[in-house]
Amino acid sequence: MATEIIHAIKKAESDAQSAEEQAAAECDRILKAAGEQAARNAEAQLAKAKQEAQALLDDAKRAGEETENGAQSGIASQIESMRRTALTRQDDAIRLILSELV
């Protein structure tokens, strides 16, 4: 009977050792899978952040170009108005000089 008890204890110890080894292997597998998943998630989040940043940059560039185009158009209008005013004043000056000569 003592032999049977010793044998049962040894079997229980062996089973416990086997279960511990399996649990350690499963733990390693889970940790490895979690690490790989975390790396994939980080890469995906980084790619998403880069896309969002690029979209914001594109929007800002587009808005800047629109502002610049609007300013250039306004400047061109002002230049044309000043040119017309200068031509009118030039004509007035010529008439004034001619009237003084005559």
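Biologist: Which residues are linked with Glu 80 in a network of salt bridges?
Modeller: Arg 83 and Arg 84 are linked with Glu 80 in that network. A salt bridge here is a side-chain nitrogen of Lys or Arg within 4 Å of a carboxyl oxygen of Asp or Glu.
Biologist: Before we go on, what am I looking at, and what counts?
Modeller: A predicted model: local features need pLDDT of at least 70, side-chain atom pairs count only at pLDDT 80 or more, and totals for chains, interfaces and linings use all residues. Residues are numbered from 1 along each chain as its sequence is written, and side-chain values use heavy atoms, with hydrogens and water left out.
Biologist: OK. What is the N to O distance between Glu 80 and Arg 84?
Modeller: Their side chains meet at 3.5 Å, N to O. The two are 4 residues apart in helix H1, so about one helical turn separates them.
Biologist: How many salt bridges turn up in the whole structure?
Modeller: The search finds 6. One of them joins Asp 15 to Lys 11, with the closest N and O atoms 3.2 Å apart. Another pairs Arg 29 with Glu 26, at 2.5 Å.
Biologist: Switching to the fold. How many helices and strands are there?
Modeller: There is 1 helix and there are 0 strands. Helix H1 covers residues 2-101. Helices (H or I, at least four residues) and strands (E, at least two) are DSSP runs, numbered from the N terminus.
Biologist: What are the box dimensions?
Modeller: Roughly 150 × 10 × 10 Å for the C-alpha atoms, along the principal axes. The radius of gyration is 44 Å, whereas a compact globule of 102 residues would be near 13 Å. That radius is taken over C-alpha atoms, and the globule rule is 2.2 Å times the number of residues to the power 0.38.
Biologist: What share of the residues is buried?
Modeller: 0% of the 102 residues.
Biologist: Where is the nonpolar patch on the surface?
Modeller: Ile 94, Ile 97, Leu 98, Leu 101 and Val 102 form it, with about 570 Å² of accessible area together. Patch members need over 30% relative accessible area and no salt bridge; like charges are joined within 9 Å, nonpolar side chains (Val, Leu, Ile, Met, Phe, Trp, Tyr) within 5 Å. Areas come from the Shrake-Rupley method with a 1.4 Å probe; for residues, only the protein chains shown count as cover.
Biologist: Why does Leu 98 count as partly exposed?
Modeller: Because its relative accessibility is 47%.
Biologist: Last one. How far is Arg 95 from Glu 20?
Modeller: C-alpha to C-alpha, 111 Å in space and 75 residues in sequence. Arg 95 lies in helix H1 and counts as exposed, at 52% relative accessibility.

Terms used. Buried means under 20% relative accessible area, exposed over 50%, partly exposed in between (1.4 Å probe, protein chains only).
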